[in-house]
Amino acid sequence: MTGPDDDRALTRLLTEHVPDPPERLRRPPGSGLLAARLHRRRAGTAALAAAAVVLVTAAGYGAAVTLRPDRGGPAAPTTPPPRTPANHPIEPVSDLDKHGLLVMLNPGTIDPTDHLLRVGLEHRGCDDYTLHAVETPATVRLFLTGAPVSGDCDRVLDTIAVRLQQPLSNRHVRDPLGQPVPVLHERDRLYPGYLPPGVGDLIDLQPSRTTSLGLRGQGWLYTADNRDLTVRIRQCFGSPAACGRSGDVVARSTVHLHPAEILKSAAHVTPQLELQWEANGYTFTIGVEFGRYDQDEMIRQAQLIANNLY
Amino acid sequence: MRDRVGFDEYVAAAWPRLLRSAWVLTADWSLAEDLLQTALLKTYARWPLAGDGSPDAYVRRVLATTYVSWWRRRWRGEVPTAELPEPDPPADPHEHTTVRMGLAAALAALPRQQRAVLMLRYHADLTEAATAQALGLGVGTVKRYTARALAALRARPDIQDLLMEGTTP
């Protein structure tokens, strides 16, 4: 372990001795270039969709289109890298695979303007994945293929996208194992509109249906903190029973006219309160964690955050 | 449409220091630029929240999480280009000093999560707990990665003197 002297030495090394950027990189590309890059990402996705592999499927199924993973990363090279050996089917697993790492499709969102379906992909990092959709009038069945990549496997959280040929409408989305993949309309995904003073560093985690991100059930988790306070905001598909409750009810309130419970968790070392309510098929949970336990203040902050979700 | 007021001004002012943060992760200016642009795109989407408080800390967390989650895979192969880029001229007369070259080589040799821990903990000045939370790790893991990274850095003759300074004999 490191001591204070080590910390000082590392801080000095990683602040004073980090070089200045070369001249050509000392100015930002400007919002125009950033915006162009955002557009290029979208256009690149569309181009890939246009060049998609068409899978001929069994009778009764329509054609499938595919897209490469959308990791929110840099623009893809104009020339796709060679992919050998060829793609092989990947089936999500519900338990640890032989590498001790997961391959799992998680809940997603649909953007109605371009029929782009994005789902979370939690994988072992051993393959370069492609998502395919086979559409029928009643369902959208998702399939994964992967091409091995060199290097060590490691757990990776991705978002992977596929462009549907038809609007999703009321069709159900299922993974290769036939399990339902919850899909949220992008406009229904709520974002915090208020965080306590000083809590401005929001990390938007990938959608998950595992417990590994501290999220029981399926949905989204945001976390934000400063040195004194941690806030976790969960939007989970289903009822509180399905999404999990942690603690005993210490008070009740309402959020946007929906009955809400305030739970005190006994499972955490640091005192924690959760404000939880159900609305429109989702369970929302605002968790606040203070360095010291101040129930009234924690309830006040949780209620403010809840009232300002948008 | 969410309010993006102030984003351009923030990027213009913060770009050089954020680029240095990205360099700590990538040890390569071109990759650092690409990583930072990616992080800023993500920040742009959340700007009303990211801009309220400490946007530097927000962007640095996004840098680290983006880097840890897919950066290595994205850049495992070479990206084809039509023309060979001109090499960057030295940013200053000391660019090629032994220490900086040694630091770049040392960082490049570290596992990516150790680099992310070092950047958040010592370059961005986050606490161990905040670093752990940003990366989805336990505090004990952050301590372990830090210790391993420090041991690896100290094993390099070109920078080990810097890491011995100030230490208790």
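Predicted model: local features only at pLDDT ≥ 70, side-chain atom pairs only at ≥ 80, totals over all residues.
The contact (heavy atoms within 4.5 Å) involves A:D7, A:L10, A:T11, A:L14 and A:T15 on α1(A), and B:L118, B:R121, B:Y122 and B:H123 on α6(B). Four of the contact residues are nonpolar, three are polar and two are charged.

## Burial of α6(B)

α6(B) is mostly covered, with twelve of its twelve residues buried (under 20% relative accessible area, 1.4 Å probe, protein chains only). Among them are B:L118, B:R121, B:Y122 and B:H123. Just after α6(B), B:D125 has a positive phi of about 65°.

## Aromatic residues

Over all chains the structure has three aromatic pairs (ring centres within 6.5 Å, using the six-membered ring of Trp). A:W277 and A:F284 make a stacked pair, 5.4 Å centre to centre with 25° between the planes; stacked stands for planes under 30 degrees apart. A:W277 and A:F284 are both buried. Together with A:Y282, A:W277 and A:F284 form one aromatic cluster.

## Basis of the values

Residues are numbered from 1 along each chain as its sequence is written, and chains are lettered from A in the order in which they are written. Local features need pLDDT of at least 70, side-chain atom pairs count only at pLDDT 80 or more, totals for chains, interfaces and linings use all residues, and side-chain values use heavy atoms, without hydrogens and water.

How values were computed. Helix = DSSP H or I, 4+ residues; strand = E, 2+ residues; numbered from the N terminus. Nonpolar A, V, L, I, M, F, W, Y, C, P; charged D, E, K, R; others polar. Phe/Tyr/Trp six-rings, centres within 6.5 Å; stacked < 30°, edge-to-face > 60°. Buried < 20%, exposed > 50% of the residue type's maximum accessible area, 1.4 Å probe, protein only.
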